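Reader: I am new to this one. Could you walk me through it in short steps?

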Amino acid sequence: MNMQLLRGTKGEEALRALLKGAKALPAIALDPPSLEGETARVAAIATPDDALLLDIQGIASLGELLAGQGVLAAANAKKHHRALLRTFDQGPARWACVQLSEVLIAGGRPVDLSLPAISARYDLPEPPSPDDGLNSLGHYAQHIAQVVAAQIPRIQELNLTQVSRLEAAAVAPVAEMEHRGMCLDAPG
């Protein structure tokens, strides 16, 4: 599948349609340099079956749409939240983080948290590299959505839904503290 980089009204409409029709938790993958502190330029938003590539600077309402989504999935969700804060000064309230979910599922046992290892545990193929161009970034986001769709039933089976919700709600505040800092009252 060859994906087009969407911007403007066309991108916004496509994103709204994807989010509205999503039967599974949507995932996001930002261009890799943005996760290391550079300005975010491209976002791939995906469900297990579909993906969009969006020009971040070309969709004025993108930050609001993503923040209004409620929950987004990502690999290394805290890095994604910080990148969204740098770009839009907002992000979703909750995250389904692939690595955090896998730590819960492992129940304290040491486990490889690399995306290829996690994918293999769910009989999914090796994930594409988000560094190999725009199409690859879109397929990577789609792969993240597939991993999360496989993790959710496992979390439910292990009766970890409440704990998972707490973890999902903690990502954004921790990322915001790291991004903005936090005030402390210290005796003078």
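**Layout of the chain**

Author: Along the sequence, the pattern reads β-α-β-β-β-α-β-α-β-α-α-α-α. Helices (H or I, at least four residues) and strands (E, at least two) are DSSP runs, numbered from the N terminus. The model is predicted: local features need pLDDT of at least 70, side-chain atom pairs count only at pLDDT 80 or more, and totals for chains, interfaces and linings use all residues. Residues are numbered from 1 along each chain as its sequence is written, and side-chain values use heavy atoms, with hydrogens and water left out.

Reader: How many helices and strands are there in the chain?

Author: The pattern β-α-β-β-β-α-β-α-β-α-α-α-α ends in a run of α elements. The totals are seven helices and six strands.

Reader: What percentage of the 188 residues is buried?

Author: Buried means under 20% relative accessible area, exposed over 50%, and partly exposed in between (1.4 Å probe, protein chains only). Of the 188 residues in the chain, the buried share is 45%.

Reader: Which residues point each way from strand 3?

Author: Strand 3 is mostly covered, with five of its five residues buried. Ala43 and Ile45 point one way; pointing the other way are Val42, Ala44 and Ala46.

Reader: Which residue of strand 4 is the bridge partner of Ala44?

Author: Strand 3 pairs with strand 4 (residues 51-55) in the antiparallel sense, over five bridges. A hairpin of four residues joins strand 3 to strand 4. The partner of Ala44 is Leu53.

**Charged side chains**

Reader: How many salt bridges does the rule count?

Author: Side chains of opposite charge can pair when their charged atoms come close. The rule for a salt bridge asks for a side-chain nitrogen of Lys or Arg within 4 Å of a carboxyl oxygen of Asp or Glu. By that rule, the count is five.

Reader: Which side chain does Lys79 meet in a salt bridge?

Author: The N to O distance in this salt bridge of Lys79 is 3.0 Å, and the partner is Glu36. The pair links distant parts of the chain, 43 residues apart: Lys79 sits in helix 3 (residues 77-88), and Glu36 in the loop between strand 2 (27-30) and strand 3 (42-46). Lys79 is partly exposed at 37% relative accessibility. Exposed, at 60%, is Glu36.

Reader: Is Glu102, the salt-bridge partner of Arg121, buried or exposed?

Author: The closest N and O atoms of Arg121 and Glu102 are 3.0 Å apart. Arg121 is in helix 5 (residues 115-121) and Glu102 in helix 4 (residues 98-106), 19 residues apart. Arg121 is partly exposed at 36%. With a relative accessible area of 3%, Glu102 is buried.

Reader: How far apart are the closest N and O atoms of Arg154 and Glu157?

Author: Arg154 and Glu157 are three residues apart in helix 6 (residues 134-157), so about one helical turn separates them. Arg154 is partly exposed at 30%, while Glu157 is exposed at 56%. Their salt bridge has its closest N and O atoms at 2.4 Å.

Reader: Which side chain of opposite charge is nearest to Asp31?

Author: Lys and Arg count as positive and Asp and Glu as negative; His and the chain ends are not counted. Asp31 lies in the loop between strand 2 and strand 3. Asp31 is buried yet has no salt bridge; at 5.5 Å, the nearest side chain of opposite charge is Arg41.

**Helix 4 and beyond**

Reader: How many of the nine residues of helix 4 are buried?

Author: Among the buried residues of helix 4 are Val98, Leu104 and Ile105. Helix 4 is largely enclosed by the rest of the structure, because the buried residues number seven of the nine.

Reader: Which residue just after helix 4 takes a positive phi?

Author: The phi in question is about 60 degrees. The residue is Gly107.

Note on methods. Two strands pair if DSSP finds at least two bridges between them.
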